[in-house]
Amino acid sequence: MKSVSEYYLLSKMKKILYIAVAILASSVAFISCDDEETYADQKEREARQIRKWISDNDIDVISLSDFLKDTVTNNPETGPDFTRNEYVLFEDNGVYMQIIRRGTGKIMQSGDRWKMNARYVERYVSNGDTLSMNHYSSDSEPDVMFVERTGDNYTARFLSGIMYKMYSSPAVPSAWIMVMPYIKPKLLNGESSALVRLIVPHNQGTQTASANVYPTFYEIVITKQQNN
């Protein structure tokens, strides 16, 4: 039979143990919350990755108002100023666009409904690794998308291709659609096609990029599949 002093000591030890466990649990919870990356943290990380990509590739950022003066982004491949590597920033959504070639066709008009072919490369902005592509493979079919213009509104959906299969969705990234007012793709490849490059924040890219908050880079060659 335990003495009063023994019960008192045992009770005191239990209290100390409970307090220690409580402190430990609080510490673990605090560390867990501190380590958990918030959406704001993810967006800040994305912004840093985009800034680094721009710096590493010697990109000159121009405003939309400057771009609309002549709809030209100077670049080392097609000029006209071969010393500059310009991308226009769309400040409302954070997309950066460079037009290497507009194409030799015509701008889509309201009521137009076109099938377009796209050869592209999709890369992670974080490290430059290729995520998907059909650009350099002669064996692969181009991605096919149906694009329609109604007034100033453009809509698009994939009909077939790697993007459609990889992401199990016909959804065309918003950044791809927003280039449509500025390009004039034609039926033939080569100089008749449109060639654009994009730096795309997560919410203007694929559904996967949006869900995981990562930016992507695209180089896209666009041609018309048929006149219709």
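1. A residue is termed buried when its relative accessible area is under 20%. In this predicted model, W176 therefore counts as buried, at 1% relative accessibility. Y218 likewise counts as buried, at 0%.

2. The count of aromatic pairs comes to seven. In one of these, the ring centres of Y124 and Y214 lie 5.4 Å apart and the planes meet at 65 degrees, so the arrangement is edge-to-face. Y124 belongs to strand β4 (residues 113–124), while Y214 is in the loop between α6 (207–212) and β9 (216–224), so the contact ties together parts that are 90 residues apart in sequence. Y124 is partly exposed, with a relative accessible area of 26%, whereas Y214 is buried, at 15%.

3. For W176 and Y218, the ring centres are 5.6 Å apart and the planes stand at 85 degrees, so this pair is also edge-to-face. Distant parts of the chain are linked here: W176 lies in helix α5 (residues 174–177) and Y218 in strand β9, 42 residues apart. Both rings belong to one aromatic cluster, formed by Y120, F158, W176 and Y218.

4. A charge also sits over a ring: the charged end of K224 is placed over W114, 4.0 Å from the ring centre.

5. The second largest pocket holds about 150 Å³ of space. Its lining consists of K43, E46, A47, I50, R51, N93, G94, Y96, P201 and H202. Helix α2 (residues 39–56) supplies the largest share of that lining, five residues. By residue class, the lining comprises four nonpolar, three polar and three charged residues.

Key: Residues are numbered from 1 along each chain as its sequence is written. This is a predicted model: local features need pLDDT of at least 70, side-chain atom pairs count only at pLDDT 80 or more; totals for chains, interfaces and linings use all residues. Side-chain values use heavy atoms; hydrogens and water are left out. On a 1 Å grid over the protein atoms alone, a cavity is a set of points where a 1.4 Å probe fits but cannot get out, and a pocket is an open set with protein on both sides within 12 Å along at least five of seven lines; lining residues have an atom within 4 Å of a point. Grid points are joined across faces, edges and corners, and a volume is the space filled by probe spheres set on the points. Helices (H or I, at least four residues) and strands (E, at least two) are DSSP runs, numbered from the N terminus. Ala, Val, Leu, Ile, Met, Phe, Trp, Tyr, Cys and Pro count as nonpolar, Asp, Glu, Lys and Arg as charged, and the others, Gly among them, as polar. Rings of Phe, Tyr and Trp (its six-membered ring) pair if their centres lie within 6.5 Å; planes under 30 degrees apart count as stacked, over 60 as edge-to-face and the rest as tilted. Buried means under 20% relative accessible area, exposed over 50%, partly exposed in between (1.4 Å probe, protein chains only). A charge sits over a ring if NZ of Lys or CZ of Arg is within 6 Å of the ring centre and within 35 degrees of the ring normal.
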